[in-house]
Amino acid sequence: MSFTGIYKIVRSLKKISYKIVRSIAFYPVLISTGFLLFALVIISIENSTFISALKEKVPYLFIQDIETASTILATLIGGILSLTVFSFSMVMVVLNQASSNFSPRLLPGLISDKRHQVILGVYIGTLLYCIIIMIFMGAYGIGSESIGTSATMGAIFGVCCVGFFAYFIHNISVAIQIEQITHEIYEESSEFLAKEFKEDIGSQLTSINTDTRNWQLICADRAGYFRNIGEEYLSKEFKKTENSIEIIPYSGQHIWLGDPILLVKNSITQDEKEKLQQSINFSSQRLDVNKGLGGLIKLMEVIVKAMSPGINDPGTAIDAIAKLIELLHAQFKFSPQKIKSVKNGTLLLIHNYVPAAEVVRMVLQPIRLYAKNDNTVMYELIKGLQSLQTNPEVTQRNKQEIGIELEAIKLTIENTITNSIDKNRILKVF
């Protein structure tokens with residue numbers, strides 16, 4: 001089988017495994033399987049010497065009557081099934097509210113909350129456990145001495161489900177609060193950008209001529225949101241070549257079929273070119289590729305949604321702008337490029353970060369257009385951008401783009417606000 005065929009199979013398997021892990025059913029299936037195996041283990045050791053001795057010492061901890069055990073398990077099955085339906089009906093209501101009031105882009109984060117998945121797994125696992133034990137109790141020749149431990153464990157799991165339900169009610173009521181949502185977006189993106197900046201400083205190389213005018217151009221053989229180059233798919237021989245590759249798009253940029261995607265310093269063979277094209281990873285999800293830029297876009301959408309006529313919530317917009325500016329402080333510290341060598345090789349890869357002008361276009365421009373009639377929101381935005389201009393860690397090129405956006409905001413205010421007092425009051429900020 002050719003390299004291309006093997007690569008396609010590996011890439012397909014990685015996509016399938018990624019979807020499985022990201023699925024809302026992943027943790028519930030794992031936990032339910034654990035409960036199933038535990039039920040089988042409990043049944044197999046029910047009549048062991050240790051369990052029998054334990055029943056004699058503390059008989060009040062074990063249910064010895066088959067009718068009582070059957071009633072308890074049947075009650076647990078009905079009650080936990082009702083808890084499961086009620087709990088995840090609430091999840092659907094919460095998701096619908098978040099989509100309507102905040103942004104549809106927030107739904108994947110709420111759906112993938114592992115705490116909700118664990119609770120669902122415990123519910124389903126307890127149901128499965130109780131059903132297995134009831135089936136075992138209905139088998140021919142089963143006596144009271146064979147059900148004590150398993151029935152008691154079922155009752156304990158039922159009590160745990162009640163505790164999980166109380167935790168779920170608390171957690172879901174907190175998760176839907178917009179302050180909590182924006183804080184989680186900020187924390188995730190801030191952590192991602194800090195890690196990226198640390199790697200950027202640690203791997204930065206400067207001894208390379210990046211004049212790419214005569215480099216060989218390679219175009220994309222498929223469309224999607226650019227993720228990265230899978231270095232593991234490059235051959236060992238190619239990694240050890242004295243060559244340099246510039247990755248033209250930034251992580252998260254949409255690439256169309258035939259768009260320029262790579263520049264190679266030294267000429268390569270057609271086979272090496274095809275392998276390079278195949279090693280490029282694309283995603284169908286825009287915001288999953290770059291969590292730093294994705295967090296900025298999510299906060300922008302929250303702000304725009306808050307300023308829509310149907311919502312009209314400037315308080316939420318102001319709070320989100322504060323977090324947005326903090327992320328921009330981290331985003332604008334990056335140099336335009338990161339140059340690093342591939343692992344176990346001498347091949348150099350030149351990564352391009354998202355340009356400041358592109359960040360301004362995607363993040364700041366929509367806020368300016370949707371919030372231009374609200375002085376309080378525009379005031380917070382102006383003050384935040386001015387803090388970026390005075391930050392010594394922000395590169396000079398990025399400061400120039402911020403200055404252009406501030407000038408655009410000033411022109412928008414002059415042309416939009418008709419009340420001269422309000423106009424002069426906010427223009428004084430400049």
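Is cysteine 161 buried or exposed? With a relative accessibility of 0%, cysteine 161 is buried, a word used here for under 20% relative accessible area, while exposed means over 50% and partly exposed lies in between (1.4 Å probe, protein chains only). Before going on, note that this is a predicted model, in which local features need pLDDT of at least 70, side-chain atom pairs count only at pLDDT 80 or more, and totals for chains, interfaces and linings use all residues. Residues are numbered from 1 along each chain as its sequence is written, and side-chain values use heavy atoms, leaving out hydrogens and water.

Are the two joined or apart? The sulfur of cysteine 161 is 7.1 Å from that of cysteine 160, its closest cysteine sulfur, which is too far for a bond; a disulfide needs two cysteine sulfur atoms within 2.5 Å. The structure holds zero disulfides.

Now let us turn to the nonpolar cores, sets of buried Ala, Val, Leu, Ile, Met, Phe, Trp, Tyr and Cys residues joined through side-chain atoms within 4.5 Å. The largest has 85 residues, and Leu324, Leu328 and Leu385 touch the most other members. Leaving aside residues up to four places away in sequence, leucine 328 touches Leu296, Val359, Leu364 and Leu388, where contact means heavy atoms within 4.5 Å. Apart from this core lies another, of 19 residues, including Ile218 and Leu234.

Finally, visit asparagine 243, which is buried at 7% relative accessibility. Among the residues that asparagine 243 touches beyond four places in sequence are Val264, Ile268 and Thr346.
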